[in-house]
Amino acid sequence: MSDIAKLETELLSAVGAAKDEAALEAVRVSALGKSGLVSALLKTLGAMTPDERKAKGPAINGLKERITTEIAARKDALGMAALDARLASETVDVTLPTRETPAELGRVHPISQVIDELTAIFADMGFAVAEGPDIETDDYNFTKLNFPEGHPAREMHDTFYFPPKPDGSRLLLRTHTSPVQVRTMLTQKPPIRVIIPGRTYRSDSDQTHTPMFHQVEGLVIDKTSHLGHLKWILEEFCKAFFEVDSVNMRFRPSFFPFTEPSMEVDIQCRRDKGEIRFGEGTDWLEILGCGMVHPNVLRNCGLDPDEYQGFAWGMGIDRIAMLKYGINDLRAFFEADVRWLSHYGFRPLDFPTLAGGLSA
Amino acid sequence: MKFTLSWLKEHFDTVASLDEIVDKLTMIGLEVERVEDKAKEFEAFKVAQIITAEQHPNADRLRVCTVDNGTGTPLQIVCGAPNARAGLKTVLGLPGTYIPAKDITLAVGKIRGVESQGMMISGAEIGFSSDSDGIIELPADAPIGKPFAEVLGLNEPVIEINLTPNRSDCTSVNGIARDLGATLIGDYKENAPKRIAGTFPCPVKVTLDFGATHPLCPAFGLRLVRGVKNGPSPDWLQKRLTAIGLRPINALVDITNYITFDRGRPLHVFDAKKVKGNLTVRRAVNGETLKALDGKTYTLDAAMCVIADEKGVESLAGIMGGEESGCDENTIDVLIESALWDAVNIAQTGRKLGINTDARYRFERGVDPNFMIPGLDLATQMVIDLCGGEASEAVIAGDPTPKETIIDFPLSELPRLAGVKLSPVEIRRTLERLGFFAAGSGERIKVAVPSWRPDVHGRADIVEELVRIVGVDKVPSTPFPSGPDARKPVLTPIQVRTRKAKRALAARGLTEAVTWSFVSKREAELFGGGKPELALANPIAAELSDMRPSLLASLILSAQRNADRGYADVALFEVGQIFKGDKPEDQFTAASGVRRGLAKADGIGRHWSSAPKPVDVFDAKADAFAVLAAAGAPMQALQVVPGGPVWFHPGRSGTIQIGPQNILGHFGEMHPRILAALKADGPLAGFEVILENLPAAKAKPTRAKPLLELAAFQPVERDFAFVVESKVKAADIARAAQNVDKKLIVGVTVFDVYEGTGIEPGKKSVAIAVTIQPREKTMTDQEIDALAAKIVTEVGKRTGGALRG
């Protein structure tokens with residue numbers, strides 16, 4: 001074996017034996033450094049005759065190339081191994097739980113969600129949202145709505161009153177959202193289309209009544225809207241709200257002082273283990289009250305009942321939320337129990353839209 | 001309003017089934033609440049007789065009875081009722097019987113060591129009546145072993161109507177039959193009472209005496225029937241009254257009750273022997289008293305109407321008679337009263353005295369004035385038929401004739417308001433079957449309203465009558481065009497802020513609560529409220545007495561309740577109304593939240609990734625700012641001033657404002673005294689933002705966003721650490737740095753605050769990073785150093801801070 005071949009064997013074995021990049025660098029310096037063995041061989045070429053050079057040159061250059069290549073390959077391999085080792089040392093327990101996203105934890109109350117749903121449905125039909133104060137006058141809550149002084153219909157509302165003023169008048173907590181109808185008619189020129197969601201109060205408390213609850217009512221005033229339109233709107237609303245293809249409704253004549261004719265509306269349903277399914281079954285469930293705005297109410301609000309007409313309806317937001325989402329206890333709505341709110345509440349990004357589905 | 005089917009059929013000729021009648025009633029606005037069949041419901045409960053009743057050996061209040069239930073083997077039953085006595089016929093429930101009203105099944109059991117083989121029952125125990133004072137007492141001739149309901153004659157369905165307050169005409173079986181008759185499922189039978197002339201003058205005169213005051217009695221009819229024999233009323237009458245839950249008393253009283261329900265005509269009977277002299281109908285004198293038929297004594301005032309004789313008040317007009325002049329088995333001469341009363345006055349008197357009677361119920365809704373005299377005749381006839389006797393002529397004071405209501409009704413009103421057309425023939429027929437009188441032909445008719453329909457005043461009422469009777473089903477559902485404004489936004493700025501605030505807070509991990517708008521007086525006072533004008537006069541409970549001045553009290557209490565249930569780390573919010581006064585403009589929309597325990601915004605509860613940190617003022621501040629940002633507040637303009645209302649920790653709270661005049665909200669850790677007062681414990685941090693106080697967004701002609709200007713040169717960041725007095729506010733350091741060059745300095749952030757080793761006591765190190773954005777050209781090192789030097793000088797001047805060495 002020639003000296004070159006021997007050197008090559010030795011160097012290759014040294015490269016292969018290098019355990020880390022430092023050892024490899026030592027090998028490189030010993031071979032290819034300024035005073036390295038291969039560099040020394042290369043230097044001998046200058047002193048050679050052309051023939052000698054022709055004979056040895058390729059061998060020495062070949063040696064240099066192969067050693068260089070081998071060192072580079074070994075360096076890559078060592079680098080990879082070092083990285084692998086580092087990564088291995090960085091291993092964590094990926095089964096550790098992460099923090100839950102706040103947006104997944106937070107909840108919007110069913111009442112807020114249902115108000116947003118109602119708004120989406122009625123905005124699409126051209127309704128604005130009107131609001132008014134919770135503390136009302138007797139005039140707006142009763143008298144202007146055609147509840148005559150001393151009329152037994154006033155007793156149907158268990159009213160919360162405030163202490164009498166020096167002039168004998170008493171403010172009260174609105175017993176329904178209807179005073180906002182009055183406020184709307186007194187301040188806006190027809191055509192009027194509004195829905196009025198809000199808190200209402202009656203001094204009543206048992207399994208199905210709470211002293212505070214939520215109502216939404218609708219009001220349409222123009223020169224042509226009649227009972228047929230009212231029926232259509234309520235049918236469309238029920239389909240959209242309960243997200244069913246069809247719903248069977250029953251309009252029963254009833255009495256409210258502020259509408260004439262007045263009706264209560266039942267929807268057909270099937271009760272199935274605490275769940276209520278609409279659009280099927282044989283039960284009737286009362287859901288809302290409605291009617292044509294009473295001529296006296298129009299007059300009280302400065303509108304001529306021979307020129308203007310319209311209708312109104314009202315329902316319990318809490319009630320329709322219970323029906324839609326299978327909630328069985330009204331009182332729980334106001335108890336702020338996080339277990340209940342987490343279960344029946346809605347994720348903040350689940351914003352109801354008609355395009356995306358109200359509860360999709 | 002309750003009645004039986006057979007009673008209805010006395011006024012209504014029909015072949016319709018019970019179900020059809022019930023459906024029809026509901027569909028014409030006489031909503032059937034329920035149809036109860038007591039015979040069926042109480043089938044299992046049978047007549048039994050107590051043979052012996054001995055003292056229970058181990059219990060003072062119990063008796064051990066032997067009871068005959070007709071099987072031949074007497075049962076041993078332990079009973080605690082005070083009226084359990086030998087010989088009593090009562091009602092027995094055997095073991096295995098299910099009681100729906102109580103959801104229990106009777107079983108054989110031992111009561112204080114003595115076996116009891118069944119249960120003798122009170123009315124309340126099985127939901128038969130409200131009587132819970134003792135076991136049911138049955139007549140001595142009740143056949144043992146028979147279902148007791150059958151024995152009481154309750155063997156047919158009772159229909160109960162949930163009557164709306166406008167339909168005074170349907171407070172009677174007769175009126176209901178008339179209404180049903182209009183629907184064509186049967187024919188109304190008009191059983192007009194026979195006129196009775198009387199054979200002698202009525203010896204008692206009647207004067208209506210209201211002086212100059214508003215008269216409370218438009219008319220009053222009276223008649224004497226002499227020589228009657230009062231006693232139990234006949235079986236059919238007793239059964240009819242029992243079926244609808246009335247207790248038969250004696251024939252004379254039963255007749256008045258019967259006519260009240262049959263015709264909606266309340267009457268009163270006086271024992272003529274107990275009435276002294278003539279009758280005066282007048283206002284009560286303040287302080288006058290009456291011992292009424294319910295055994296209670298009422299003190300009256302001049303707002304109330306009474307019937308008095310020469311001794312004093314004998315009857316509370318239209319509401320309840322007096323005990324003294326009441327009729328009993330010894331009554332021989334009876335005075336029958338049929339009168340009209342002021343409806344509002346009856347309602348007020350009844351309410352004031354707390355008396356609810358069948359008479360009041362009808363008079364306050366309005367009775368048919370034209371039936372005052374026929375009602376008197378009908379009662380007279382029934383008295384003569386059932387008790388014998390001879391009737392006097394009637395005395396009529398005042399005039400019952402009502403003012404006639406005539407409505408000018410264009411037939412076009414029906415399609416205009418109801419969207420449905422009916423033929424003129426159908427319109428007339430429907431109205432006439434309801435008792436209206438329609439005159440004229442063609443497109444406009446005149447409609448006379450019958451005297452029993454005081455609720456009908458105008459055209460809309462006529463439309464209602466027609467729609468009601470032909471059925472709302474006949475009104476075609478008509479598409480409602482969504483109108484010219486259909487694509488415009490419909491929410492007001494406050495509504496938009498409200499919904500954005502809710503979503504923003506929920507997105508920060510808070511849970512939305514909806515709490516009562518009222519709190520206790522003490523809670524209101526703790527949060528700056530408690531004004532007398534915001535305290536309810538009739539709160540439903542003491543802890544719900546005052547309108548809330550803030551949402552925080554309820555939220556803190558709610559958080560505590562959750563903590564008490566084992567959920568210590570809760571984050572709750574509410575967006576809702578608060579009240580600073582009783583005017584509409586004093587009502588504000590607050591967005592408030594509380595975080596308790598470890599309910600931090602970046603994660604609730606303990607977690608392996610970091611040491612547990614309780615909530616603090618900065619969590620509340622971040623929530624408040626999140627609401628403000630979501631609701632569209634101008635964030636650059638907001639200032640934070642240390643301190644807040646007294647319910648916050650004075651050193652760990654802040655006020656968010658745009659100048660001292662416009663406070664948008666507060667945040668902070670709750671004051672320990674407030675927590676102690678609410679019996680809550682912390683750590684607890686909260687905030688309150690008033691959504692109305694945000695400045696309105698400027699109206700913009702387009703929706704285009706401002707042009708984006710991208711700087712051509714790289715920004716440079718320089719860090720500074722200043723040592724300042726501990727009390728110096730970080731915001732002042734940042735503002736001082738910012739103010740050095742508002743154009744070049746585009747951002748200042750505080751990235752470190754340090755107190756401790758290396759820093760003199762009483763001082764702190766505040767490190768800020770200043771971002772410099774070169775505008776026209778790249779800045780040289782000298783230029784940047786010069787700016788940095790200015791920053792150091794300015795901060796030093798404003799805050800006394802020196803660059804940390």
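Two strands pair if DSSP finds at least two bridges between them. In this predicted model, strand E27 and strand E29 (residues 444-448) of chain B meet that condition, since they pair in the antiparallel sense over 5 bridges.

**Chain A as a whole**

- Chain A contains 13 helices and 10 strands.
- Its domain assignment gives domain 1 (3-89) and domain 2 (105-344).
- The C-alpha centres of domain 1 and domain 2 of chain A are 91 Å apart.
- Taken along the principal axes, the C-alpha atoms of chain A fill a box of roughly 130 × 50 × 40 Å.
- The radius of gyration of chain A is 43 Å, whereas a compact globule of 360 residues would have a value near 21 Å.
- Of the 360 residues in chain A, 43% count as buried.
- Of the contacts in chain A between residues at least 6 apart in sequence, 66% join residues at least 24 apart.

**Chain B as a whole**

- Chain B contains 20 helices and 44 strands.
- The domain assignment of chain B lists domain 1 (2-37 + 157-188), domain 2 (40-151), domain 3 (206-398), domain 4 (406-474), domain 5 (493-693) and domain 6 (716-803).
- The centres of domain 2 and domain 6 of chain B, taken over C-alpha atoms, are separated by 92 Å.
- Along its principal axes, the C-alpha trace of chain B spans about 130 × 85 × 55 Å.
- For chain B the radius of gyration is 40 Å, while a compact globule of 805 residues would have one near 28 Å.
- Buried residues account for 44% of the 805 residues in chain B.
- Among contacts in chain B with a separation of 6 or more, 69% are between residues 24 or more positions apart.

**The contact between the chains**

- Chain A contributes 67 residues to the contact, and chain B contributes 78 residues.
- On the side of chain A that touches chain B, helix H10 (residues 227-242) of chain A gives the most, with 7 residues.
- The residues on that side of chain A comprise 40 nonpolar, 15 polar and 12 charged.

**Paired strands in chain A**

- Strands of a sheet pair through backbone hydrogen bonds, either parallel or antiparallel.
- Strand E7 (residues 259-272) and strand E9 (residues 283-293) of chain A run antiparallel and are joined by 9 bridges.
- Within this pairing, A:Ser262 stands opposite A:Gly291 of E9(A).
- E9(A) also pairs with strand E10 (residues 309-316) of chain A, in the antiparallel sense and over 4 bridges.

**Two sheets in chain B**

- One open sheet of chain B has 3 strands in the order E27-E29-E28, with antiparallel pairing.
- Strand E27 (406-410) and strand E28 (437-439) of chain B are the edge strands of this sheet, and each pairs on one side only.
- Neighbouring strands of this sheet are turned by 30° against each other on average, direction ignored.
- The bridge partner of B:Phe409 is B:Ile445 in E29(B).
- Another open sheet of chain B has 5 strands in the order E15-E18-E21-E22-E23, with mixed pairing.
- The edge strands here are strand E15 (206-209) and strand E23 (320-321) of chain B, each pairing on one side only.
- Strand E18 (residues 279-283) and strand E21 (residues 305-308) of chain B pair in the antiparallel sense over 4 bridges.
- B:Arg282 stands opposite B:Val306 in E21(B).

- Helix H8 (residues 343-353) of chain B has several buried residues, among them B:Ala343, B:Ile346, B:Ala347, B:Gly350 and B:Leu353.
- An α-helix has 3.6 residues a turn, so residues three or four places apart point the same way.
- B:Gly354 follows H8(B), and its phi is positive, near 70°.
- B:Asp623 lies in helix H17 (residues 617-630) of chain B.
- B:Asp623 counts as buried because it has 29 C-beta neighbours inside 10 Å, and the cut-off for a buried residue is 20 or more.
- Not counting residues up to four places away in sequence, B:Asp623 touches B:Leu505, B:Arg508, B:Gly593, B:Ala601 and B:Phe687.
- The C-alpha atoms of B:Asp623 and B:Val490 are separated by 28 Å, and the two residues are 133 residues apart along the chain.

Key. Residues numbered from 1 in each chain as written. Chains lettered and ligands numbered in written order. Predicted model: local features only at pLDDT ≥ 70, side-chain atom pairs only at ≥ 80, totals over all residues. Domains from an automatic or database assignment. Buried ≥ 20, exposed ≤ 12 C-beta atoms within 10 Å, placed from the backbone. Axes fitted to C-alpha atoms, helices over the stretch in contact; angles between N-to-C directions. Contact = placed C-beta atoms within 7 Å. Nonpolar A, V, L, I, M, F, W, Y, C, P; charged D, E, K, R; others polar. Rg over C-alpha atoms; globule rule 2.2 N^0.38 Å.
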